Structure formats: C-alpha cells, structure tokens
Amino acid sequence: MKKVLIIGGGLAGCTVAKELSAAGIESCIVETGASIGGKVRGYGCKSDTKCNNCGLCAVGTLWRDVEGDMRVKKLCNARVIDISDAGGVFCVLIQSDGGKIEERFTDIVVATGFEYPAETAGAGYDASEFPRVFTGHALEKLMKDRGADSIFPEAPKSVAFLMCYGSRNLKERAPYCSRVCCAYSTRAAKVIKHYYPDAEVIAFYMDLQAVNPGNYAAELEGRGIRLERCRPADISFDGGRPVIAYEDAEGRKTKSFDYLFLNTGIHPDIPGNTALADITGLRVRSDGFLAYVKPPEKTGVYLAGCAASPMTIVETMASARNAAVALINNAAGGRVR
C-alpha cells in the first residue's frame, strides 16, 4: 500500500495531499507551523470592481478539505529529522510536540515553500517602528483585512510601490526575478486606486512582467497608476513618512509618501533546503532552490511548488498536481529503486 510523506503543509503540500486522497492514497503532512495552509492562507483577494485574476479563488475549499480528510494525517509543529532507506521504503524520523516519531513511507514529496520576506529584504522595517511601510506579506494581510470602503485609517494622498525589493540582489541572495512581485503589487495598486481614486499611486520598477494579456503598462496608467522606471537609491523618513530618493530623466529627486510598499520577492530557505537535500538525495541549485539529481520515478522523492522555484498561486497548484499525478502513475506502474 502506498503511503506518502509530504514535507510542508502549505498550498503545494495540501494540493498534493488532496490529489493523492482522491486516488485512494494515504499521506502524512509534516508542517513546521501550528496549522496547515502556510503563507497563502493569509493572502487577500485583490479584486476591485471585478476579478483581477490573483489566483486566490483557485484555492477554494482546499484547507477545509484537507483538514477533514481522514486519508491525510496532519502533524503540525513538527519537522523531519532524518530519512533512511529501509529495504525499498523510507524510514523517517519526525520530531513532533509529542516527541520523536518513526514512520515508514513509500514516497516523499518535498513542498517546503519559501522564506517569509520579513526574514530577508524587509527585515529592517518592523511594523511597530515603521507603521507606514509594508512588506509583501504585510500587504497581503492588508488586502485580506480591508473593509468594505476603507483600507487605511485615513485616506492617503500618496502611495509608493517599490518593486524588485530584495530581488535581483546578490546581497539578498536573490540575483533572479521572483516573477510574482509585479502581479501581486500592481493588483494591490489597482485596489488602492479603486478605494482612493484621488490618491497618487506610483510604482517604481525595473522591468514589468506581462501580468495580463495586452499592454499591461497602459492598463495600469489608464487606472491612474504612474509607472516610474528606475531603482530608487535610498529610503529615509520624515516624521514617520517614508521618503524615496530616485533619479529620472531630469536628475535626482526626493518624494515623500503616506505609505510605502516594499514588494519583496520569493527567497529560498537555503539552510532548510540544504538540510533536506542531505537526507532526500535532492540538490541545492546555485540560487538556493531545490532540484532533482535523479528522476523522481527512480528515487521516490518528488518536488512541488516554490521549493523548486518562484511560482504564482496557480503555478504552485499546477506543480503540485503534476507531482501527485506522476506519483499516482508511478504507483500504478511500479517503481524500482
């Protein structure tokens, strides 16, 4: 009988568990947090007068389905300590609240996701000290908790989005494009402009991903969102209000804003990924994400979601379903390790 270990209980891990359960395969989610759902469970819808295709609707009833699924064992506040090969199956040592557990599994799915932005680029802007500065994670909470007619305590006159914050940056271990930042930040900018049409909304960017079909830059500008192509040189504060120094065609300028959004990207958990690579036979790429050494059909170890690379919500769910389908098909055909 198949029994699958899923390391990580976020969007990817829960999607895998649901797909496996539908195929009659039992699984066990090992999640370091207090509950399943991970970061996406705290994300907010970014519709204004219409859907902006943020992908959150695709999650649907996933959390409730997995929580109530008897084929899915959930171990929260837990982590995998060691994995060894025991005659064709995996012998796994798990540290949980109740102590150490040893269980055997036929296959493993690594779906550990990525670091919280607050642990990387946005770490210096604690909300208690800088209440007018929001990292990507804080922006998601703001979108989730918004009221029917307000987002902020008072109507802002000016709002800035600083894209690629912590991405394309060797110091932040992220010389790559995180791919998701343009989408979530510009969708949130549309929401803010909808709530506060008189507010000046400026997005400082390097390059703009084509979030929607057609001329996306023109769509944003048509909504009254100004695009400033440059990388701001400095962030300072004047009476608690963020001030951005930047250069455009006319030279160096400074401008203060009521609110500043630092659009932090997706960063790999390098220490965690390194530890997992040691016990799963995966490898850590130069960018810190995990990759296969041998095909999963041979090793029984599968990757799903942002443990492998930056992905949107929809892409993460597709990656997880692909991993589950490959595992199910492999179960039907038999695997030789």
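Here is a walk through a few residues, stop by stop.

Before clicking, note that this is a predicted model, where local features need pLDDT of at least 70, side-chain atom pairs count only at pLDDT 80 or more, and totals for chains, interfaces and linings use all residues. Residues are numbered from 1 along each chain as its sequence is written, and side-chain values use heavy atoms, with hydrogens and water left out.

**Stop one: Val201.** Select Val201 and you land in strand 10, residues 200-205 (helices, H or I of at least four residues, and strands, E of at least two, are DSSP runs numbered from the N terminus). Val201 has 1% relative accessibility, so it counts as buried (buried is under 20% relative accessible area, exposed over 50%, partly exposed in between, with a 1.4 Å probe and protein chains only). Now show its contacts, meaning heavy atoms within 4.5 Å. Beyond the neighbours within four places in sequence, the partners of Val201 include Val159, Phe161, Ile192 and Ile225.

**Stop two: the cysteines.** How many disulfides does the structure hold? The count is 0, taking a disulfide as a pair of cysteine sulfur atoms within 2.5 Å. Pick Cys57: its nearest cysteine sulfur belongs to Cys51, 5.3 Å away. Cys57 is exposed, at 62% relative accessibility. Next, jump to Cys164, whose nearest cysteine sulfur, on Cys182, is 5.9 Å off. Cys164 sits in strand 9, residues 158-165, and is buried at 9% relative accessible area. Check its backbone too: phi of Cys164 is near 60°, a positive value. Most residues other than glycine have a negative phi.

**Stop three: Arg179.** This one also has a positive phi, near 75°. Arg179 is in the loop between strand 9 and helix 4 (181-195), and is partly exposed at 36%.

**Stop four: salt bridges.** Look for a side-chain nitrogen of Lys or Arg within 4 Å of a carboxyl oxygen of Asp or Glu; by that rule there are 20 salt bridges. Start with Glu140 and Lys46, whose closest N and O atoms are 2.8 Å apart. Glu140 is in helix 3 (residues 136-145) and Lys46 in the loop between strand 2 (26-30) and helix 2 (62-67), so the pair ties together parts 94 residues apart in sequence. Both Glu140 and Lys46 are buried.

Then select Arg223 and Asp48, paired at 2.9 Å. These two link parts of the chain 175 residues apart. Arg223 is partly exposed at 27%, while Asp48 is buried at 15%.

Finish by selecting Glu200, Arg226, Glu228 and Lys255 together: salt bridges link them in a network.
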